[in-house]
Amino acid sequence: PHVFVLQNNKCFLALPPAVLLQRYLRLSFYPFQAIFLLNKRILKGRRRNMDKSLLNNNEYSWCFACGKDNPSGLHMRFEIDDVKCTAYFTPRREHQSYPGRMHGGLVAVLLDEVTGNYLFAKEGKPSYTAKIEIRYRQPLAIGEEVVCTGRELKRKGRMVEMQGTICKKDGTLLAECLSKMMIVDETPQPSRKLAAGEGEEE
């Protein structure tokens, strides 16, 4: 309720303290709200469109994880949108460590690749892993398809913090990672097939 106070033959409106505080906070919030909305529009305008064609770049055709020309590779294929990169992968017998389960080092490759390819498609530049922490929760069974997902969490300059997960189709979490990746200005070197005998130890 509002209270009117008569002082020196003048009438003043006395507002309760709670109402005064509410109005003060509301007036103080407006400038911060305007700055937030302005920054949001600026960031939206700077957002880079995903270039999905980069995921099939022939210059990386000998990548161990995704290269189509590497006979020993994992041959990962990716689906990508504005918020995540997804890959479906089925471990084969040649990928196992103990019988029936995928080698932990190759599980790390899946996580590293799905996070790095998100940045590659988003930025159009290579990114290199500076640090990766992996939590293995359950083994990846040989012959069972899994879903690998990479998402961006935050960034500071060229350093980006990424999250990667590997799940069963029913959503059961098998492995996850937090990684820091550095985006670099680099011109990729085209892949080439080795000549007969090239690269072999003498």
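Student: Where is Thr 149 placed, and how do you know that this element is a strand?

Tutor: Thr 149 lies in strand E6. The name follows from DSSP: helices are runs of H or I with at least four residues, strands are runs of E with at least two, and both are numbered from the N terminus. The model is predicted, so to speak of local features pLDDT must be at least 70, and side-chain atom pairs count only at pLDDT 80 or more, while totals for chains, interfaces and linings use all residues. Residues are numbered from 1 along each chain as its sequence is written, and side-chain values use heavy atoms, with hydrogens and water left out.

Student: What makes Thr 149 count as buried?

Tutor: Its relative accessibility is 11%. Buried means under 20% relative accessible area, exposed means over 50%, and partly exposed lies in between (1.4 Å probe, protein chains only). Thr 149 is therefore classed as buried.

Student: Which residues does Thr 149 contact, neighbours within four places in sequence left aside?

Tutor: Contact means heavy atoms within 4.5 Å. By that criterion Thr 149 touches Lys 84, Cys 85, Thr 86, Val 114, Gln 163, Gly 164 and Thr 165.

Student: How do you know that E6 and E7 are paired?

Tutor: Two strands pair if DSSP finds at least two bridges between them. Nine bridges join E6 (residues 146–156) to E7 (residues 159–167), and the two strands run antiparallel. Within this pair, Lys 154 stands opposite Glu 161 in E7. E6 is also joined to E4 by five bridges, again antiparallel, and Cys 148 in E6 is the bridge partner of Ala 87.

Student: Why are E3 and E5 called edge strands of the sheet?

Tutor: The open sheet has six strands in the order E3-E4-E6-E7-E8-E5, with antiparallel pairing. E3 (78–80) and E5 (127–136) each have a single partner strand, so one side of each has no neighbour in the sheet. Neighbouring strands are turned by 20° against each other on average, direction ignored. Such angles run from 0 to 180 degrees between N-to-C directions, and axes are lines fitted to C-alpha atoms, for helices over the stretch in contact.

Student: Which helix packs on this sheet, and which strands does the helix touch?

Tutor: Helix H2 (residues 104–123) touches E3, E4 (85–89), E5, E6, E7 and E8 (173–183), and its direction makes about 55° with that of E6. Gly 116 belongs to H2. At 12% relative accessibility, Gly 116 is buried. Its C-alpha atom is separated by 7.9 Å from that of Gly 150, 34 residues apart along the chain. With neighbours within four places in sequence left aside, Gly 116 contacts Ser 127 and Met 181.

Student: What makes a group of residues a nonpolar core?

Tutor: A nonpolar core is a set of buried Ala, Val, Leu, Ile, Met, Phe, Trp, Tyr and Cys residues joined through side-chain atoms within 4.5 Å. The largest one holds 29 residues, of which Met 76, Leu 110, Leu 140 and Ile 166 touch the most other members. E3, E4, H2, E6, E7 and E8 each give two or more residues to this core, and H2 gives the most, with eight. Beyond four places in sequence, the contacts of Leu 140 include Val 107, Leu 110, Val 146, Ile 166 and Leu 174.

Student: How do you know how many disulfides the structure holds?

Tutor: A disulfide is a pair of cysteine sulfur atoms within 2.5 Å. The structure holds zero. For Cys 85, the nearest cysteine sulfur is that of Cys 148, 9.4 Å away. Cys 85 is also buried, at 0% relative accessible area. For Cys 167, the nearest cysteine sulfur, again that of Cys 148, is 8.9 Å away. Cys 167 has 17% relative accessibility, and therefore counts as buried.

Student: What makes E4 a mostly covered strand?

Tutor: Four of the five residues of E4 are buried. E4 pairs with E3 in the antiparallel sense over three bridges. Glu 79 stands opposite Thr 86 in E4, and a hairpin of four residues joins E3 to E4.

Student: How many helices and strands does the protein chain have, and what share of its residues is buried?

Tutor: The chain has two helices and eight strands. Of its 202 residues, 30% count as buried.
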